[in-house]
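The following exercises concern a single protein chain.

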Amino acid sequence: MPDLRLTLIFLHVAFVLLFVLVHGASAVIAFQLRNERDPVRVGALLDASRLATSSWLLIVGLAGFVLTGVWLGFIGGLWGRGWLWLSIAVLVVVIGGMTPMGSLKLRRARVALGLRTGRGDEESAAADPALAQQELQSWNPVPIAALGGIGLLVVLYLMIVKPF
């Protein structure tokens, strides 16, 4: 019979990889949006981005790594360790920072193009491609990618080294 702790570690890492893989699609789209000006292609990219970030796979990955991480914390008696709490804080900061940095800006461009925003709304009849282009002129995915990448590396370091 496999060791429960090792099985949970495997599942924890697998769920993180699933989460990062789904986010990878969004990252590629985010960088492509910087250079795209054709309203039809921009609309297609924005739709693909919305679908990737609202994917059930993303939710499964997030829920899976959170639940297995909590479970590992309990079976390993790790809740008194600082690195675990710092890992949780980094996760909260990264999610709390990446969400508004990415989704709010892209939501305004989606609305300007008359696209669905993922909030149960229907397509708008008042599409304004010029406004969408204006919204995307200042679009810069680098800070979002940096926040996510640095956060991932910090958590990876904390979980491997367990410095405190």
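**Exercise 1: The setting of Ser87**

Ser87 has a relative accessibility of 5% and therefore counts as buried (buried means under 20% relative accessible area, exposed over 50%, and partly exposed in between, with a 1.4 Å probe and protein chains only). The model is predicted: local features need pLDDT of at least 70, side-chain atom pairs count only at pLDDT 80 or more, and totals for chains, interfaces and linings use all residues. Residues are numbered from 1 along each chain as its sequence is written, and side-chain values use heavy atoms, with hydrogens and water left out.

Task: State which residues Ser87 is in contact with, leaving aside its neighbours within four places in sequence.

Solution. 
1. Ser87 lies in helix H4; helices (H or I, at least four residues) and strands (E, at least two) are DSSP runs, numbered from the N terminus.
2. A polar atom of the Ser87 side chain is 2.8 Å from the backbone oxygen of Trp83.
3. Beyond the neighbours within four places, Ser87 is in contact with Val155, Leu158 and Met159, where contact means heavy atoms within 4.5 Å.

**Exercise 2: A loop residue**

Task: Determine whether Glu36 is buried or exposed, and identify the side chain that it joins in a polar contact.

Solution. 
1. Glu36 is placed in the loop between helix H1 (4-33) and helix H2 (39-53).
2. Its relative accessibility is 10%, so Glu36 counts as buried.
3. The side chains of Glu36 and Arg41 are joined by a polar contact of 2.9 Å. A polar contact is a pair of N or O atoms within 3.5 Å; within protein, one must be able to donate a hydrogen and the other to accept it, and residues adjacent in sequence count only if both atoms are side-chain atoms.
4. The Glu36 side chain also reaches the backbone nitrogen of Asp38, at 3.4 Å.
5. Not counting residues up to four places away in sequence, Glu36 touches Arg41, Val42, Leu45 and Gln133.

**Exercise 3: Two helix pairs**

Task: Classify the packing of H1 with H2 and of H2 with H4.

Solution. 
1. The axes of H1 and H2 come within 9 Å and cross at roughly 160°. Axes are lines fitted to C-alpha atoms, for helices over the stretch in contact, and angles run from 0 to 180 degrees between N-to-C directions.
2. H1 and H2 are therefore roughly antiparallel (angles under 35 degrees count as roughly parallel, over 145 as roughly antiparallel, 65 to 115 as roughly perpendicular and the rest as oblique).
3. In this pair, Val22, Ala25, Ser26, Ile29, Gln32 and Leu33 of H1 meet Arg41, Val42, Leu45, Leu46, Ala48, Ser49, Ala52 and Thr53 of H2.
4. H2 and helix H4 (residues 82-112) pack at about 130°, their axes 10 Å apart.
5. H2 is therefore oblique to H4.
6. Leu46, Ser49 and Arg50 of H2 make this contact with Leu106, Ala109 and Arg110 of H4.

**Exercise 4: A backbone angle**

Solution. 
1. Most residues other than glycine have a negative phi.
2. With 37% relative accessibility, Lys162 counts as partly exposed.
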